[in-house]
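Biologist: I have this one open for the first time. Can you walk me through it?

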Amino acid sequence: MLQKSDVEIDLARAKLTIDRMIDPSIDIESNLQKLDAMASAVRISAGANPTSLRTASMLRSYLYDAGNWNNKQPFQYDLTDPLGQKVSNKLLPTYLATKKGNCVSMPTLFVLLAQKLGLDATFAEAPGHVFVKYRDETGRSYNLETTSGGNERADESYQRDTPMTPQALKHGIYMRGFSKKEAIVTVLMDPLIEHHKQQGNAERIIALSDLALEYYPKNADAMLNKGYAYFLILKRDFLSKYPSPRGIPAEDRPRFDELSRNNNAWYARAEELGWRQPDAGADARYMRTIKNVRPN
């Protein structure tokens, strides 16, 4: 997928292909047909020769308003798993089936349908959060918050609720729209990385992080994932066996030291781009924000 040009990449197929790496039972073609049917319904409701803004408005209504088109069951934020800790809840087929999503699955569906409808929409990130960047036919850019009915949200609101350093904004790791390849190695690949974290597959995490950095060198999340993977290896091969580093055999010390350096170095590289470790209250503040902005 990544060897294609951005024009050739179908993000819907890419998302389902990656999800199938986690759950081999996923039927890619049937889910693509569901997405095509959804896009067709929005297209019909938008009428003949609609403006980009009208199409975007009809897409928001189709997804988040209760009506006959969705049996009065719109897509909503899943407050039973608000932080998306269950990998299965980040998979697109799960979201389509349950209509309960998180800040990965919700913007993903919106962007996939928006691109099928010809809208200029993609992903962007704030610390610990994904949202939609949309540009209308006049060139005006909007942040659309899919956890709040796809409504517009100002840059200042994100920067207030999910604080980010000026350095991070300067380097563009937050608040910037992604290309299709950047979207694949950040948002779409996120559940696959989380899957391997939960499985403890450190070497696979490193390989995927290297792939992500190849196509998006400023991918702070990939740097953090790589640093974490080295910690997993340290824990598996050394920390679980030796109560103290002093007990590590001399012939194994060079490898221990190299792993430790890599662990620290990748976190340091993310910090150089402006990433900062979230404080203890970050998750609680995020939940307050979600409860305040979610639709009734």
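Modeller: One term to start with: a residue counts as buried when its relative accessible area is under 20%. Keep in mind that this is a predicted model.

Biologist: Fine. Which residues of α9 are buried?

Modeller: In α9, the buried residues are Pro191, Leu192, Ile193, His195 and His196.

Biologist: And what do the buried residues of α9 pack against?

Modeller: They pack against α1, which spans 11–22, and also against α8, α10 and α11.

Biologist: What comes after α9?

Modeller: Gly200 follows α9, and the phi of Gly200 is positive, near 75 degrees.

Biologist: Let's take α9 with α10. How do their axes cross?

Modeller: Helix α9 covers residues 190–199 and helix α10 covers residues 202–215; their axes come within 9 Å and cross at roughly 160 degrees. An angle over 145 degrees counts as roughly antiparallel, so α9 and α10 are roughly antiparallel to each other.

Biologist: Is that crossing left-handed or right-handed?

Modeller: The crossing of α9 and α10 is left-handed.

Biologist: Which residues meet there?

Modeller: From α9, Leu192, Ile193, His196 and Lys197 meet Arg204, Ile205, Leu208 and Ser209 of α10. The residues of this contact between α9 and α10 divide into four nonpolar, two polar and two charged.

Biologist: Now α2 and α3. What is the crossing angle of their axes?

Modeller: The axes of α2 and α3 cross at roughly 125 degrees and come within 9 Å. The two helices, α2 and α3, are therefore oblique to each other. Their crossing is right-handed.

Biologist: Which residues make the contact of α2 and α3?

Modeller: On the α2 side they are Met38, Ala41, Val42, Ser45 and Ala46, and on the α3 side Arg54, Thr55, Met58, Leu59, Tyr62 and Leu63. In the contact of α2 with α3, eight residues are nonpolar, two are polar and one is charged.

Biologist: Stay with α2 for a moment. Is Leu35 buried or exposed?

Modeller: Leu35 is in helix α2, residues 28–46. Leu35 counts as buried because its relative accessibility is 0%.

Biologist: What is Leu35 in contact with, leaving aside its neighbours in sequence?

Modeller: Beyond the neighbours within four places in sequence, Leu35 is in contact with Ala12, Leu92, Leu96, Leu109, Leu112, Leu113 and Lys116. As for Leu112, its C-alpha atom is separated from that of Leu35 by 8.1 Å, and the two residues are 77 residues apart along the chain.

Biologist: Where do Phe178 and Tyr216 lie?

Modeller: Phe178 lies in the loop between α7 (166–171) and α8 (180–188), and Tyr216 in the loop between α10 and α11 (220–239), so the pair ties together parts that are 38 residues apart in sequence. Phe178 counts as buried at 5% relative accessibility, and Tyr216 counts as buried at 5% as well.

Biologist: Last one, Phe123. Which element is it in?

Modeller: Phe123 is in strand β3, residues 120–126. Phe123 is buried, with a relative accessible area of 0%.

Biologist: What does Phe123 touch?

Modeller: Not counting residues up to four places away in sequence, Phe123 touches several residues, among them Leu11, Pro107, Val130, Phe131, Ala183 and Leu188. Phe178, from the aromatic pair, is also one of the residues that Phe123 touches.

Terms used: Residues are numbered from 1 along each chain as its sequence is written. This is a predicted model: local features need pLDDT of at least 70, side-chain atom pairs count only at pLDDT 80 or more; totals for chains, interfaces and linings use all residues. Side-chain values use heavy atoms; hydrogens and water are left out. Helices (H or I, at least four residues) and strands (E, at least two) are DSSP runs, numbered from the N terminus. Buried means under 20% relative accessible area, exposed over 50%, partly exposed in between (1.4 Å probe, protein chains only). Contact means heavy atoms within 4.5 Å. Axes are lines fitted to C-alpha atoms, for helices over the stretch in contact, and angles run from 0 to 180 degrees between N-to-C directions. Angles under 35 degrees count as roughly parallel, over 145 as roughly antiparallel, 65 to 115 as roughly perpendicular and the rest as oblique. A crossing is left-handed if the near helix is turned anticlockwise from the far one by less than a right angle, and right-handed if clockwise. Ala, Val, Leu, Ile, Met, Phe, Trp, Tyr, Cys and Pro count as nonpolar, Asp, Glu, Lys and Arg as charged, and the others, Gly among them, as polar.
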